[in-house]
Amino acid sequence: MPAILKTDLELDQAALGFTQKKRVKTADMRVTRDLVSRAMHHLQPLNAKHHGNGTPLHHKQGALYWEPEALYTLCYFMHCPQMEWENPNVEPSKVNLQVERADDCFFASRKLDAVAIEAKFKQDLGFRMLNCGRTDLVKQAVSLLGPDGINTMSEQGMTPLMYACVRGDEAMVQMLLDAGADLNVEVVSTPHKYPSVHPETRHWTALTFAVLHGHIPVVQLLLDAGAKVEGSVEQGEENYSETPLQLAAAVGNFELVSLLLERGADPLIGTMHRNGISTTPQGDMNSFSQAAAHGHRNVFRKLLAQPEKEKSDILSLEEILAEGTDLAETAPPPLCASRNSKAKLRALREAMYHSAEHGYVDVTIDIRSIGVPWTLHTWLESLRIAFQQHRRPLIQGLLKEFKTIQEEEYTEELITQGLPLMFEILKASKNEVISQQLCVIFTHCYGPYPIPKLTEIKRKQTSRLDPHFLNNKEMSDVTFLVEGRPFYAHRVLLFTASPRFKALLSSKPTNDSSCIEIGYVKYPIFQLVMQYLYYGGPESLLIKNNEIMELLSAAKFFQLEALQRHCEIICAKGINTDNCVDIYNHAKFLGVTELSAYCEGYFLKNMMVLIENEAFKQLLYDKNGEGTSQDVLQDLQRTLAIRIQSIHLSSSKGSVV
């Protein structure tokens with residue numbers, strides 16, 4: 001801030017005019033001028049020294065004064081010091097004060113104790129002197145900082161050493177270390193004394209700041225001087241802030257990660273609460289997770305190659321198998337030979353989750369290749385990314401891995417996210433291998449249990465006649481004409497048999513002897529319907545294979561639910577890979593939902609075989625252009641969701657309704 005020499009008279013005149021112009025009281029100016037005079041008393045011995053440092057040389061000429069405008073600017077910065085420290089690398093901006101801002105500053109300064117103002121000014125001046133990068137001012141600056149000296153903290157809870165590490169000023173760091181700066185002091189977490197502490201920097205050390213900004217020489221200097229490689233983490237205690245290694249892994253600085261590992265940094269240390277940066281639903285956020293979440297494969301591999309410090313806490317073979325590690329089917333060579341630590345397995349599972357969650361599927365596959373078991377969520381997220389990126393070989397590899405997921409992992413996510421994704425892939429895929437793999441998965445999810453059976457509807461007829469009256473002309477009171485042939489029946493039986501017969505009979509008066517024509521049912525089929533009514537059940541019916549579908553249609557038309565269900569059961573018993581598509585199409589056409597659902601269950605249970613059936617492929621992919629494939633896939637998805645819910649997610653798992 002420039003200082004201009006003036007006489008007392010000139011200063012008083014300028015101050016008077018400036019005060020009148022800005023409407024500021026003269027008493028406030030005198031307080032500020034007195035404060036500046038005290039500060040300059042400390043600065044004057046620094047003049048006329050260090051001729052080779054490039055700074056202007058001033059000779060002592062009595063008292064040194066500042067212009068009123070400079071005083072206002074100084075007071076403004078004293079009032080708002082946090083503006084200066086938001087970015088220590090940026091010089092303070094030029095400030096042109098308005099009337100209201102000047103009034104506010106001086107009004108606030110009047111309320112402050114004069115001693116507190118002087119102490120705050122000295123501290124701010126000391127930090128400014130250190131931040132200018134001049135190592136020759138360190139001793140003078142330290143004398144201004146206060147009782148804590150070189151370890152004094154700013155309102156952001158940061159020491160001069162931390163600011164020097166942020167700037168990467170190696171010379172200043174060395175000078176501060178020589179002056180006795182504490183290497184391992186932490187940013188405080190309490191907001192009372194230090195109101196401007198940023199939440200994300202709490203408990204950080206100077207090493208943490210140097211690592212965050214990638215200043216490798218400064219990191220090397222701090223480590224050589226004895227800085228704790230884990231930052232503020234203490235052995236055996238819970239960690240609530242990021243370690244230097246975590247930050248280096250997050251930004252992908254391979255050189256820094258290597259350096260920290262060489263100095264003993266532990267990649268397994270996790271952060272319990274990440275100061276609001278991210279959440280960790282699977283566990284602690286460790287260095288593996290940071291590298292995986294940001295897609296740094298080379299850094300992740302470097303972390304994997306780091307030998308474990310302790311060989312305790314070893315998994316037995318049974319425990320490895322219980323964790324779901326499929327050693328026999330792990331084809332790719334392992335990235336790390338030592339992977340039997342429980343802590344490391346947990347860390348890698350956490351990293352696997354974060355790599356999948358952030359879309360770095362290649363990192364996820366790397367982790368899987370060393371034997372870390374899949375979870376349903378990581379598998380689904382990886383499959384989603386592979387499908388979005390149209391990576392066919394990766395999709396095939398992931399689909400092949402589905403069976404390695406433990407059934408205990410099946411959750412609602414499989415129904416709400418997994419099935420829609422897989423059926424979308426089936427719909428869009430033109431690759432037979434992918435289609436076959438999906439069919440294998442659907443059959444696997446459907447399970448080994450039998451398809452839920454259809455049950456007979458036991459309904460007692462309100463009216464019943466002796467079979468002797470069936471098609472008896474002498475005793476009948478109504479005649480039907482079917483395919484040109486008469487069929488004799490009785491109103492008393494048919495009127496209560498179904499709503500359809502009631503409607504047919506009600507439309508024709510009793511004294512009307514004309515026939516009721518039935519033009520949409522064959523005579524043998526109509527005869528079976530009547531036989532069912534007169535005999536009071538389906539037991540006496542002899543139904544041929546080629547008649548069952550037509551009888552089902554007739555039962556549906558005449559609204560005879562019990563006969564309809566009997567026909568559905570016959571169709572379900574006789575279903576096979578050759579006729580299943582025809583039965584399904586007929587059931588869908590008639591709107592027979594129970595038989596349709598049974599057929600869908602048959603499709604899912606036998607999909608591996610049916611996918612080779614041309615009629616089934618035509619049904620799935622709508623090769624005739626009828627627009628039915630979308631409905632079929634939706635129906636299959638719904639049926640499979642009900643099945644998974646019943647077997648894996650209901651309170652009575654394993655039961656089939």
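## Terms and basis

Helices (H or I, at least four residues) and strands (E, at least two) are DSSP runs, numbered from the N terminus. This is a predicted model, in which local features need pLDDT of at least 70 and side-chain atom pairs count only at pLDDT 80 or more, while totals for chains, interfaces and linings use all residues. Residues are numbered from 1 along each chain as its sequence is written, and side-chain values use heavy atoms, with hydrogens and water left out.

## The hairpin

Strands β1 (residues 478-482) and β2 (residues 485-489) pair in the antiparallel sense through five bridges; pairing requires that DSSP finds at least two bridges between two strands. V482 has R485 in β2 as its bridge partner. Two residues lie between the strands of this hairpin, and E483 takes a positive phi near 55°.

## The nonpolar core

A nonpolar core is a set of buried Ala, Val, Leu, Ile, Met, Phe, Trp, Tyr and Cys residues joined through side-chain atoms within 4.5 Å. The largest one has 163 residues, and L222, W379, F480, F501 and F558 have the most contacts inside it. Helix α25 (residues 523-535) gives the most to this core, nine residues.

Contact means heavy atoms within 4.5 Å. Beyond its neighbours within four places in sequence, W379 is in contact with residues including W374, L398, F402 and I441.

## S382

S382 is in helix α19 (residues 376-388). S382 counts as buried because its relative accessibility is 1%, and buried means under 20% relative accessible area (1.4 Å probe, protein chains only). Its side chain reaches the backbone oxygen of T378 at 2.8 Å. Not counting residues up to four places away in sequence, S382 touches A356, V361, T364, W374 and L398.

Definitions and conventions:
Buried means under 20% relative accessible area, exposed over 50%, partly exposed in between (1.4 Å probe, protein chains only). A polar contact is a pair of N or O atoms within 3.5 Å; within protein, one must be able to donate a hydrogen and the other to accept it, and residues adjacent in sequence count only if both atoms are side-chain atoms.
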